[in-house]
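Here's a quick briefing on one structure. Have a look at it first, then read on.

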Amino acid sequence: MVKNKLKRGLRMTRYVIYRETLVNTKEHFYSFVGSFIGIAILAFIQSKTLADIDSIFLIGSFGASSVLIFGAVQSPLAQPRNLVGGHVISAIIGVTIYKTLPNFLWLTAPLAVSLSIVMMQLTKTLHPPGGAAALIAIIGTDRVKQLGYLYVLSPVLTGTLILLVVALVFNNITPSRKYPTDRRFTNFLRKRKADLKT
């Protein structure tokens with residue numbers, strides 16, 4: 001039974017990885033343009049409206065999110081619920097941990113990331129860059145730490161919503177890209193699972 005589940009999981013993984021690597025030149029173009037515009041908007045806001053503030057609007061986890069939402073459009077980890085929920089939940093956890101134990105980096109950093117992973121799993125919002133959002137709340141500059149829970153609203157929530165809007169536009173320009181994933185893909189996976197059970 002366990003062996004069959006492992007084989008089925010391996011086949012599903014191979015399928016998803018194979019599908020994500022079937023990217024033509026047109027797909028490269030839209031991945032580039034979408035991610036470029038998404039990050040450019042965030043960088044523009046940072047440089048023009050928040051120039052006197054330490055670079056807090058453009059956080060590293062947005063780069064990782066862009067890889068998922070523009071480069072791996074079909075991935076369950078790239079879907080809007082995961083993008084927004086994963087970032088926000090993780091940021092809340094990161095800020096809470098920092099406020100509770102501010103002087104214990106050896107404890108707060110792994111605790112924030114680990115709790116974020118578990119909470120994202122429980123809420124079905126797993127998004128790997130969320131772990132970075134939690135970690136940034138712990139190891140970020142003093143300006144980031146001074147934001148407290150405002151860090152959750154801006155840059156985290158605001159930035160993810162900007163990336164989401166750009167992803168919704170650029171990932172739906174061509175018929176070959178669909179974001180969020182449509183039901184046909186979900187139904188296909190369900191059929192595959194049913195076929196593997198028999």
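Predicted model: local features only at pLDDT ≥ 70, side-chain atom pairs only at ≥ 80, totals over all residues.

Residues are numbered from 1 along each chain as its sequence is written, and side-chain values use heavy atoms, leaving out hydrogens and water.

**Cavity**

- Searching the whole structure turns up 1 cavity of 30 Å³ or more; a cavity is a set of points on a 1 Å grid over the protein atoms alone where a 1.4 Å probe fits but cannot get out.
- The largest cavity holds about 50 Å³ of space, with volume taken as the space filled by probe spheres set on the points.
- Its lining (residues with an atom within 4 Å of a point) is made up of V95, Y98, K99, A137, V144, K145, G148 and Y151.
- Two or more lining residues come from each of α4 (80–100) and α7 (142–147), and α4 gives the most, with 3 residues; helices are DSSP runs (H or I, at least four residues) numbered from the N terminus.
- By type, the lining splits into 5 nonpolar, 1 polar and 2 charged residues, with Tyr counted as nonpolar and Gly as polar.

**Salt bridge**

- The whole structure has 1 salt bridge, meaning a side-chain nitrogen of Lys or Arg within 4 Å of a carboxyl oxygen of Asp or Glu.
- The partners are E27 and R177, at 2.9 Å from N to O.
- E27 sits in helix α2 (residues 25–49) and R177 in the loop between α8 (150–170) and α9 (183–197), so the pair ties together parts 150 residues apart in sequence.
- E27 is buried at 11% relative accessibility, and R177 is buried too, at 4%; buried means under 20% relative accessible area with a 1.4 Å probe, protein chains only.

Key: 1 Å grid on protein atoms, 1.4 Å probe; cavity = no way out; pocket = protein on both sides within 12 Å on 5 of 7 lines; lining within 4 Å. Buried < 20%, exposed > 50% of the residue type's maximum accessible area, 1.4 Å probe, protein only.
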